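Here are some notes for a colleague who is meeting this structure for the first time. Please keep the model in view while going through the points.

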Amino acid sequence: MQTPEVTAIVDRLRTLVEERYVFPDAAAEISARLAARRDGYPTDLAALAAAVTDDLQSVNGDKHLRLLHHAEPQPEQVPGDDAAEYAAMAQWAERTCGGVAAARRLPGDVGLLEITPVLFPAVLVGDVYAAAFTLLAPVRALIVDLRGCLGGEPSAVGLFMSYLWDHEPVQLTGMYERATDQVRQSWTHAHVPGRRYGRDRPLYVLTSGKTFSGGEALAYDVQQTGRGTVVGEQTRGGAHPREGFRLHPHLEATISVARAVNPVSGTNWESVGVTPDLVVTAEQALPTAYRAALEQVCTQGGPSAAEARAALDAGAQL
């Protein structure tokens with residue numbers, strides 16, 4: 001017989017999946033699998049989280065569908081009150097420079113903007129993006145490094161893409177929400193603070209096998225709008241925004257409540273990842289993109305072209 005605590009956790013999780021998971025048919029099958037194994041789950045909470053996560057993802061491989069174990073107890077949360085989560089996210093953003101790990105000019109008038117660990121909500125990092133793009137706006141080519149970007153929030157993707165576009169908005173990947181049975185559209189912004197890099201100069205986006213969720217959304221939107229070239233490895237394949245639900249002081253369920261829908265492809269990168277335009281290892285992504293960017297700067301003429309040629313002649317190593 002299973003312990004009452006584990007039974008209650010699994011039953012609450014089944015209800016959440018049935019009511020909130022973005023795919024109702026899959027939700028029913030997942031719930032049935034959880035019910036079938038309920039009496040056989042381990043009682044150790046970390047082991048329980050791992051076993052349940054395997055079953056949650058067994059139907060369609062949704063990597064956002066998880067039971068997470070937290071070593072430290074999590075506070076109670078009133079439904080709809082995300083103040084605690086927001087405060088924790090704000091502290092995380094503060095410790096990581098808003099997710100901007102590097103913003104610098106490379107020899108040859110090529111900019112490098114590295115985003116890690118995540119694309120934080122736009123309300124938290126708008127001033128950071130404005131500063132980074134104002135700094136890099138004059139460069140003749142730009143590399144955006146998403147190899148260490150493990151996720152992100154849709155509003156941040158829209159804001160970031162706005163700096164890579166012009167004042168005329170373009171539609172980006174939106175979100176179909178089960179609760180409303182509608183697609184919530186996303187567009188670039190007609191106005192942004194600071195300076196834009198714009199839509200006309202060369203852009204390279206770097207990916208790795210770790211790039212996930214919001215990082216994938218940015219790479220996918222760059223690719224689907226034709227804005228730039230994606231260089232690196234196939235990404236992890238997580239396109240379903242999720243919500244977190246506290247089931248126990250040490251256990252949190254994450255349920256995908258929406259799915260990405262791109263206006264160009266009509267689909268998204270779930271389970272398959274974003275396929276780079278130039279497939280190379282993660283380690284070779286930056287030198288590959290840098291050389292390609294330098295070659296493009298060389299074609300533009302002027303002092304930057306001479307500097308780019310000198311960088312290429314010197315080996316353009318990073």
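1. Two strands are taken to pair if DSSP finds at least two bridges between them, and helices (H or I, at least four residues) and strands (E, at least two) are DSSP runs numbered from the N terminus. The model is a predicted one, in which local features need pLDDT of at least 70, side-chain atom pairs count only at pLDDT 80 or more, and totals for chains, interfaces and linings use all residues. Residues are numbered from 1 along each chain as its sequence is written, and side-chain values use heavy atoms, with hydrogens and water left out.

2. Six strands form an open sheet with mixed pairing, in the order E2-E3-E4-E7-E8-E12. Strands E2 (100–106) and E12 (278–279) stand at its edges with a single partner strand each, so one side of each lacks a neighbour in the sheet.

3. Within this sheet, strand E4 (residues 141–145) runs parallel to strand E7 (residues 203–207), and four bridges join them. Ile143 stands opposite Tyr204 in E7.

4. In the protein chain as a whole, the secondary structure comes to nine helices and 12 strands. The radius of gyration, taken over C-alpha atoms, is 22 Å, close to the 20 Å given for 318 residues by the globule rule (2.2 Å times the number of residues to the power 0.38), so the chain is as compact as a globular protein of that length. The C-alpha trace spans about 75 × 35 × 35 Å along its principal axes.
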